Amino acid sequence: FIKPAPPKEIYMTTGGAAGAYTMFAARYKPILARYGIELVELPSDGAVDNLRRLMDPKERVDVGFVQGGLGIGTDAEGLVSLGSLYFEPLWVFHRSREPLDDLNSLRGKRIAVGGEGSGTRKLALDLLEAHEMTGAPTEIVPLGGLEAVAALAAGRIDAAMLVGPVNSGAVWTALHTPGVRLMTMSRADAYVRRHPYLTKLTLPRGTVDLVRNVPPMETTLVAPAATLVA
């Protein structure tokens, strides 16, 4: 006999409908089904919302995706990491005629930073606050994902900050949207030094799309890791 017996159901808090967390949760479902375990997906507002659910004993949640660094300064007693799964870079897209390499270049602009409860919003505001850009004249816009990309393409905002893997719907769409540029982070080393949960990454020219040369130049990014937390 095994005590306790393996569960017949596992409740996983995921993310938005078009987000990477939901996409990866869908991969777990058939794997667990082979062992007679049903994965119940619980959509959420994002990584911050997932961490809140996992920390709340009243929530019926067993496991969930959490963006690296969100647990710093919180009482996460009783939670365990099952491992870091992949890097989810911070992508800063903008509508500028010239390439940009510093967040200071967006001062006074309209910047989408993600919705409430998202890990994107937490990371974006942390970096913008370090640049003293969370207040006027800079306008913080609570848009994320595909909605933020659509607003950027339409010119309703000047920049959008997204967090996720390259194959997430929002990032992939933004990379292939005419008139939208990807910022390279010239001060990535400083961000990593100030925020140890971040890692500096290099995206070589043409990695995403060799035919269309996306990105058109070597690009430096910073990224937390997506972690599976129980």
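## Close-up views of a predicted model

View 1. Asparagine 213 lies in the loop between S10 and S11, and its phi is near 55 degrees, a positive value in a residue other than glycine. Proline 215, which is found in the loop between strand S10 (199-203) and strand S11 (219-223), is joined to valine 214 by a cis peptide bond with an omega of about -5 degrees.

View 2. Glutamate 132, located in the loop between H3 and S7, has a phi near 55 degrees, which is positive although the residue is not glycine. With a relative accessibility of 68%, glutamate 132 counts as exposed. Proline 137 lies in the loop between H3 and strand S7 (139-141), and a cis peptide bond with an omega of about 10 degrees joins this proline to alanine 136.

**View 3. The largest nonpolar core and phenylalanine 93.** The largest nonpolar core holds 22 residues, of which Trp91, Phe93, Ile157, Leu162 and Leu175 touch the most other members. At least two residues of this core come from each of strand S5 (90-94), helix H4 (145-153), strand S8 (159-163) and helix H5 (169-175). Leaving aside residues up to four places away in sequence, the contacts of phenylalanine 93 include Leu152, Ala160, Leu162, Val171, Leu175 and Leu182, as well as Asp158 and Arg181.

**View 4. The buried face of helix H4.** The buried residues of H4 are Ala148, Val149, Ala151 and Leu152. Seen down the axis of H4, these residues fall within an arc of 160 degrees, so they line one face of the helix. The buried residues of H4 pack against S5, strand S6 (110-112), S8 and H5, and the helix is followed by glycine 155, whose phi is positive, near 85 degrees.

View 5. The largest pocket has a volume of about 600 Å³, and of its 29 lining residues the closest to the centre are Gly16, Gly19, Ser118, Thr120 and Gly145. Its lining comprises 11 nonpolar, 15 polar and three charged residues.

How values were computed:
Residues are numbered from 1 along each chain as its sequence is written. This is a predicted model: local features need pLDDT of at least 70, side-chain atom pairs count only at pLDDT 80 or more; totals for chains, interfaces and linings use all residues. Side-chain values use heavy atoms; hydrogens and water are left out. A nonpolar core is a set of buried Ala, Val, Leu, Ile, Met, Phe, Trp, Tyr and Cys residues joined through side-chain atoms within 4.5 Å. Buried means under 20% relative accessible area, exposed over 50%, partly exposed in between (1.4 Å probe, protein chains only). Helices (H or I, at least four residues) and strands (E, at least two) are DSSP runs, numbered from the N terminus. Contact means heavy atoms within 4.5 Å. On a 1 Å grid over the protein atoms alone, a cavity is a set of points where a 1.4 Å probe fits but cannot get out, and a pocket is an open set with protein on both sides within 12 Å along at least five of seven lines; lining residues have an atom within 4 Å of a point. Grid points are joined across faces, edges and corners, and a volume is the space filled by probe spheres set on the points. Ala, Val, Leu, Ile, Met, Phe, Trp, Tyr, Cys and Pro count as nonpolar, Asp, Glu, Lys and Arg as charged, and the others, Gly among them, as polar. The arc is that of the directions from the helix axis to the C-beta atoms.
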